[in-house]
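Hello,

Here is the structure I promised to pass on to you. Please open it in your viewer first, and then read my notes below alongside it.

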Amino acid sequence: MRKCLTSLFLAAGLALAGAAHAAYPDKPVRLIVPWAPGGSTDAIARAIAQRMGATMEQSVVVDNRSGASGQIGTDAAAKAAPDGYTIAIVELPHAIQPAVVAKLPYDLLRDFTPVSLVGTSPLVLFATPGEFQAGGMRGFVQRAKSAPAQLSIAHSGAGSSSHLAAEVLAAKAGFRYVAVPYRGSAPALTDVAAGTVAGHFATLASGSSLYGSGRLAPLMVTGPARLAALPHVPTAREAGIEGMDFQQWWAVVAPATTPAPVIERLRTEIAAALAHPATRERLGTLGIALEGSTSGELRAFLRSEVERWGAIARQAGIQPE
């Protein structure tokens with residue numbers, strides 16, 4: 001009798017869990033963006049949230065939680081209930097953080113369940129027009145070498161992707177520079193346009209407005225191929241700089257132990273959002289290639305990125321702080 005009752009309770013529990021998952025979502029879903037509004041990550045989040053909300057018949061609300069180089073919003077996502085009603089966007093800087101931040105409040109690989117890759121985009125080295133011509137990477141390097149430690153390159157915080165990209169460039173091209181920290185790409189690019197600093201690595205999405213008005217000169221792109229939106233701008237390899245074949249990326253994750261059926265529902269909805277013509281048009285003009293994945297594929301990708309950027313940080317001599 002006891003065994004029968006135990007079996008009945010177990011079966012009832014599984015049935016209730018299955019029903020709960022089947023009903024998901026029955027309230028709005030929160031999508032945390034660990035940066036301020038206006039950047040490329042925010043643009044991606046709002047584009048996919050709009051489509052997901054339409055097909056899931058529940059609002060997907062973008063929640064911008066900026067601060068501490070993305071740590072505040074990411075930590076909030078890691079500590080949220082693992083029920084599928086809080087998800088977050090992570091990106092390349094999250095894979096860099098373990099190598100440059102001594103005490104992170106979360107672990108990217110342990111505290112999250114991967115949902116899906118969302119997209120990739122090369123970084124663009126934007127420089128001050130007038131001083132540098134679009135595509136004129138060789139002139140930028142020559143200027144740096146002729147005036148050691150006088151050329152300034154802005155970055156979005158110690159250990160950010162823009163910081164490490166500048167470090168890799170200086171090491172590969174053989175020059176020194178002055179690193180100038182900013183709170184994000186928007187103020188950094190504004191100062192590049194004004195000539196306060198010479199350059200900054202950012203996505204085309206971040207620099208599209210200033211570039212469109214002729215206030216930025218794109219010198220080169222990282223990644224394996226030229227951007228369709230910048231056909232005249234060479235890749236780093238074409239500019240004679242090896243070892244800069246990397247890209248910015250974005251992915252959606254959920255708190256660890258979020259049920260597998262919920263993760264699969266989210267992955268399916270993201271895939272549909274990425275395939276929608278309006279999403280592809282909206283983000284394609286920003287130089288973002290939309291790419292989905294399975295949860296397992298994203299888990300392997302995140303692990304490889306953490307290992308890769310850890311090695312790059314060590315080679316650049318950056319110590320965790």
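Gly174 counts as exposed, because its relative accessibility is 52% and the exposed class begins over 50%. Before you go further, please keep in mind that this is a predicted model. Gly174 sits in the loop that joins helix 6 (161–173) to strand 7 (178–181). If you set aside the neighbours within four places in sequence, Gly174 is in contact with Lys145 and Leu169. Its C-alpha atom is 12 Å from that of Glu242, a residue 68 places away along the chain.

Arg176 belongs to the loop between helix 6 and strand 7 as well. Arg176 is exposed too, with a relative accessibility of 56%. From Arg176 to Leu151 the C-alpha separation is 7.9 Å, and the two residues are 25 apart along the chain.

Two packed helices are described by the angle between their axes and the distance between the axes.

Take helix 2 (residues 40–56) and helix 9 (residues 260–275) to begin with: their axes come within 9 Å and cross at roughly 115 degrees. The crossing of helix 2 with helix 9 is right-handed. Helix 2 brings Ile48, Arg51, Met52, Thr55 and Met56 to the contact, while helix 9 brings Arg265, Leu266, Glu269, Ile270, Ala273 and Leu274. Sorted by class, the residues where helix 2 meets helix 9 are seven nonpolar, one polar and three charged.

Then there is helix 7 (residues 185–194) with helix 8 (residues 204–212), where the axes come within 10 Å and the crossing angle is roughly 35 degrees. Helix 7 passes helix 8 in a right-handed crossing. On the helix 7 side the residues are Ser185, Leu189, Thr190 and Ala193, and they meet Ser206, Gly207 and Leu210 of helix 8. Which classes of residue make up the contact of helix 7 with helix 8? There are three nonpolar and four polar residues, and no charged ones.

**Rings and a charge**

Tyr106 has a relative accessible area of 4%, so it is buried. Phe112 is buried as well, with a relative accessible area of 3%.

Why is the pair of Trp249 and Phe301 called edge-to-face? The ring planes of Trp249 and Phe301 stand at 80 degrees, and planes over 60 degrees apart count as edge-to-face. The centres of these two rings are 5.3 Å apart. The pair links distant parts of the chain, since Trp249 is in strand 10 (residues 247–255) and Phe301 is in helix 11 (residues 295–315), 52 residues apart. Is each of these two residues buried or partly exposed? Trp249 is buried, with a relative accessible area of 1%, whereas Phe301 counts as partly exposed at 26%.

One more ring to look at is that of Tyr85: the charged end of Lys27 sits over it, 4.7 Å from the ring centre.

Notes: Residues are numbered from 1 along each chain as its sequence is written. This is a predicted model: local features need pLDDT of at least 70, side-chain atom pairs count only at pLDDT 80 or more; totals for chains, interfaces and linings use all residues. Side-chain values use heavy atoms; hydrogens and water are left out. Axes are lines fitted to C-alpha atoms, for helices over the stretch in contact, and angles run from 0 to 180 degrees between N-to-C directions. Helices (H or I, at least four residues) and strands (E, at least two) are DSSP runs, numbered from the N terminus. A crossing is left-handed if the near helix is turned anticlockwise from the far one by less than a right angle, and right-handed if clockwise. Contact means heavy atoms within 4.5 Å. Ala, Val, Leu, Ile, Met, Phe, Trp, Tyr, Cys and Pro count as nonpolar, Asp, Glu, Lys and Arg as charged, and the others, Gly among them, as polar. Buried means under 20% relative accessible area, exposed over 50%, partly exposed in between (1.4 Å probe, protein chains only). Rings of Phe, Tyr and Trp (its six-membered ring) pair if their centres lie within 6.5 Å; planes under 30 degrees apart count as stacked, over 60 as edge-to-face and the rest as tilted. A charge sits over a ring if NZ of Lys or CZ of Arg is within 6 Å of the ring centre and within 35 degrees of the ring normal.
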